[in-house]
Amino acid sequence: MFFNAHVYFAKRIDKNLNSLKVLGSMFPDFAKTGLITWDDLHKRQPILDFSAFVDQTAPEFKPFVQGIIYHNNLDYTSHFEYKNEKPGYAYTNITTELFELARQALKIEDQRVRVSCHNLIEASVDYHLLKKTLGTVELIKQSSKEVNREKLTELISTYFKKDKETMAKGIDEFFEFVIGYDLRSFEEWVRLFVDLNKSYLNIVVSEEDTRKLLELSFGLTKDTWEEYLLTSISSFNNDVKDND
Ligand SMILES: [Zn+2]
């Protein structure tokens with residue numbers, strides 16, 4: 001899912017939410033910077049390893065790990081299995097029309113088109129959610145101010161054995177991504193996806209094509225997004241899930 005859905009999920013599950021949990025619930029997607037891999041904080045065993053490292057070396061970051069577990073649980077229903085059916089919500093909602101439109105606009109191989117379509121479906125859930133409540137926007141902003149970036153940089157660069165300065169830059173870039181768009185506005189979603197395609201897929205997709213893709217995805221999810229979130233919330237059990 002996208003970051004507002006992740007934070008909403010965490011907020012609904014956890015009565016004692018704090019800024020580290022909020023950040024943790026978004027942080028696995030830090031992988032978009034390329035400084036960690038998608039497996040590093042998305043898969044079960046790597047999460048358990050990271051959790052053990054935090055317990056031993058920086059127990060004050062335990063809430064951050066809890067947030068990562070929230071992320072992992074929501075991604076499970078989005079990617080892997082939803083309502084006893086596979087794959088999850090973001091993949092089962094990709095229609096032939098959406099796939100074809102994306103394929104023409106993105107001009108990349110089919111497997112990557114599919115991943116990109118899943119991003120559009122996930123973004124749609126955020127879009128509908130933000131039409132209903134803006135509670136997560138404030139939480140994300142507040143958390144990005146409160147979290148000690150220096151300590152976070154120290155932890156992440158030590159664990160992933162990366163240069164501190166590079167990691168600090170990546171972390172700033174990630175924060176900029178999660179607070180840098182006013183997602184109440186449709187045009188800001190267009191801007192976000194144009195930027196995302198440039199920075200992540202290294203391709204230029206026109207605003208016009210991006211608008212069409214977003215409109216279609218928002219329509220595909222408008223009647224089911226809320227049930228999806230509520231069902232995912234009620235099936236939460238704090239296990240770290242294996243997503244394949
Ligand atoms: Zn996803």
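User: Why does lysine 131 count as partly exposed?

Analyst: Lysine 131 has 13 other C-beta atoms within 10 Å, so it falls in the partly exposed class. The scale calls a residue buried if 20 or more other C-beta atoms lie within 10 Å of its own, exposed if 12 or fewer, and partly exposed in between, with C-beta atoms placed from the backbone. Two notes on the model: residues are numbered from 1 along each chain as its sequence is written. The model is predicted, and local features need pLDDT of at least 70, side-chain atom pairs count only at pLDDT 80 or more, and totals for chains, interfaces and linings use all residues.

User: What makes tyrosine 127 buried?

Analyst: Tyrosine 127 has 22 C-beta neighbours inside 10 Å, and therefore counts as buried. This residue is also in H7. Setting aside neighbours within four places in sequence, tyrosine 127 is in contact with Trp189 and Phe218; contact here means that the C-beta atoms, placed from the backbone, lie within 7 Å. Its C-alpha is 27 Å from that of glutamate 109, 18 residues away along the chain.

User: How do you know that the buried residues of helix H11 are on the same side?

Analyst: Start with the list: Trp189, Val190, Leu192, Phe193 and Asn197 are the buried residues in question. They cover an arc of only 160° around the axis of H11, which puts them on the same side; the arc is that of the directions from the helix axis to the C-beta atoms. Glu187 and Lys198, on the other side of H11, are exposed. The buried residues pack against helix H7 (110-132) and helix H12 (207-221).

User: What span does H11 have, and what span is expected?

Analyst: H11 covers residues 186-201, and its 16 residues reach 22 Å from first C-alpha to last, close to the expected 22 Å. The expected span is 1.5 Å times one less than the number of residues. Just after H11, asparagine 202 takes a positive phi of about 65°.

User: Which residues touch the most other members of the largest nonpolar core?

Analyst: Ala5, Val7, Val125 and Trp189 do, among its 62 residues. H7 gives the most to this core, with nine residues. A nonpolar core is a set of buried Ala, Val, Leu, Ile, Met, Phe, Trp, Tyr and Cys residues joined through C-beta atoms within 7 Å. Not counting residues up to four places away in sequence, alanine 5 touches Leu74, Val125, Asp126, Leu129 and Leu229.

User: What makes the chain as compact as a globular protein of its length?

Analyst: The protein chain has 13 helices and zero strands. Its radius of gyration is 17 Å, close to the 18 Å that the globule rule gives for 244 residues, so the chain is as compact as a globular protein of that length. The radius is taken over C-alpha atoms, and the rule is 2.2 Å times the number of residues to the power 0.38. Helices are DSSP runs of H or I with at least four residues and strands are E runs of at least two, numbered from the N terminus. Buried residues make up 41% of the chain.

User: Which backbone angles stand out in the loop between H4 and H5?

Analyst: Most residues other than glycine have a negative phi, and most peptide bonds are trans. Lysine 83, in this loop, has a positive phi near 50°, and asparagine 84, also there, has one of about 60°. The peptide bond from lysine 86 to proline 87 is cis, with omega near -5°, and proline 87 lies in the loop as well.

Technical notes
Two residues are in contact if their C-beta atoms, placed from the backbone, lie within 7 Å.
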